[in-house]
Amino acid sequence: MSEAAHETTTVAIIGAGPAGLTLANLLRTAGVDCVVVERQSRAYVEQRQRAGVLEHRAARMFEEWGLADRVLQDSRTDGVQEFRVDGRPRFLPIADLAGGKFGRILPQQFLVQRLITAFQEDGGDLRFGCQDVTLERPGSERPVVTYRDEDGRPHEIEADYLAGCDGFHGVSRRSVPEAEQTIYAYDHGIGWFTVLADVPPPRHPMFAVSAHGFAAHFPRGPRSSRFYLQCAPGEDLDAWDDRRIFDQLRLRIGDPDLPAGAVLEKAVVDMRSFVVDPMSYGRLFLVGDAAHIITPMGGKGMNLALADAEVLAKAVRSAVRDGDAQPLRDYSKTCLDRTWSYQEFSRWMTEMLHDSGDPATSGPFRHKIARARLDRLFTSPNAGGLFSDLMAGEA
Ligand code: RFL
């Protein structure tokens, strides 16, 4: 076996999703050395379609770090959220109610493509196709990442810090001894059938509530839409042909004229939440989905990943530039406070928008409670304001 090529860096980043790429760009901007190792190919990473809403906080972050020109271009802004209740539209002016804050439509694959380009244009070291990535001695002063490149050659990177940005199924979290972690996991008992289709985007992002069940319609680029339809957890994908998808959407949205279009992708997502505490172990810091997953309700998963990345970038900068390690010690608590706030918001919304559907599913009492909660968003400026503030993204 050939001997591993040995290198050193300040931060070894595992994973080139939104978390890893944001962290890499911010560290580069801060003048901190880093290397990113990604298991998949560049083509694979760049076409992976998932989230679509970039919250206000994240957009401001890219502005403050001087990356807005390269990352945010053409991101559509829409300060209005539609709720289609029993087929009748109700509009919530999110931007007005949240004091001018608003989310932007920026499909995750565009964000990823732009972050890769920006990092490489600045001379960043990003390695795709890394196999058998292993974290050695993550709790020690000199942790090491090992991997094999596409030609099977072994590599090892010794780093001051490791950033585990490798998503929920990655190796980083599993490298921490179980006894050092507390896991919080919750199954919401709901499935979402998600469909990406060539259907013109809605005028405003839309949640639809009716006795036929929950549905949502969001823009994903100029000609595409992402739809969500409430379904049983673990629902059989084959039970949904294109005709059933569009019949159900028309029924739930209350729009018999909704055009059908080519279905590009469909999947069933079981609504689950997961949080690991703490989000660090020795010199290993878990970032984004590696540390927590949240249901897609509220559109917070990708945004939490970006927020963690910024907290970590600032903390590493303080440690490296100013010799102040306190922000690194605070990393886990800072990120977990936001994570739990968003978990609460996502759960609150999930109850409101699913229980207000079919009373036979939620029970008559929960159904009435959920309808009252929904109404309050429109009748109380305080309730509407809090909702809008959370939708647009906390400071
Ligand atoms: P990612 O995006 O999973 O990236 C992890 C990266 O690590 C790589 N990797 C490894 N690399 C090296 N070695 C290993 N052993 C590795 N194992 C894995 C992977 O190939 C990958 O490139 O995690 P990150 O960066 O933390 O970003 C998190 C977001 O991707 C995620 O939270 C969102 O996509 C969640 N999500 C949504 N978030 C929103 O904010 N708004 C939404 O509307 C929204 N919709 C969604 C979603 C997730 C969905 N999925 C996953 C089912 C809709 C869907 C359908």
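Predicted model: local features only at pLDDT ≥ 70, side-chain atom pairs only at ≥ 80, totals over all residues.
Local features need pLDDT of at least 70, side-chain atom pairs count only at pLDDT 80 or more, and totals for chains, interfaces and linings use all residues. Residues are numbered from 1 along each chain as its sequence is written, and side-chain values use heavy atoms, with hydrogens and water left out.

Helices (H or I, at least four residues) and strands (E, at least two) are DSSP runs, numbered from the N terminus. Two strands pair if DSSP finds at least two bridges between them. Eight strands form an open sheet with mixed pairing, in the order β6-β5-β13-β14-β15-β12-β16-β19. Its edge strands, β6 (88-92) and β19 (292-293), each pair on one side only.

Strand β12 (residues 182-197) runs antiparallel to β16 (residues 263-277), with 13 bridges. Here I183 lies opposite V276 of β16. Seven bridges link β12 to β15 (residues 225-231), also antiparallel. L196 has R226 in β15 as its bridge partner. Strand β14 (residues 215-219) pairs with β15 through five antiparallel bridges. P219 is opposite S225 in β15.

Helix α9 (residues 326-355) packs on this sheet. It touches β5 (81-85), β12, β13 (206-209), β15, β16 and β19, where contact means heavy atoms within 4.5 Å. The helix direction makes about 130° with that of β16; axes are lines fitted to C-alpha atoms, for helices over the stretch in contact, and angles run from 0 to 180 degrees between N-to-C directions.

The model has zero disulfides, a disulfide being a pair of cysteine sulfur atoms within 2.5 Å. For C34, the nearest cysteine sulfur is that of C165, 10.0 Å away. C34 is buried at 9% relative accessibility, and C165 is buried at 6%. Buried means under 20% relative accessible area, exposed over 50%, and partly exposed in between (1.4 Å probe, protein chains only).
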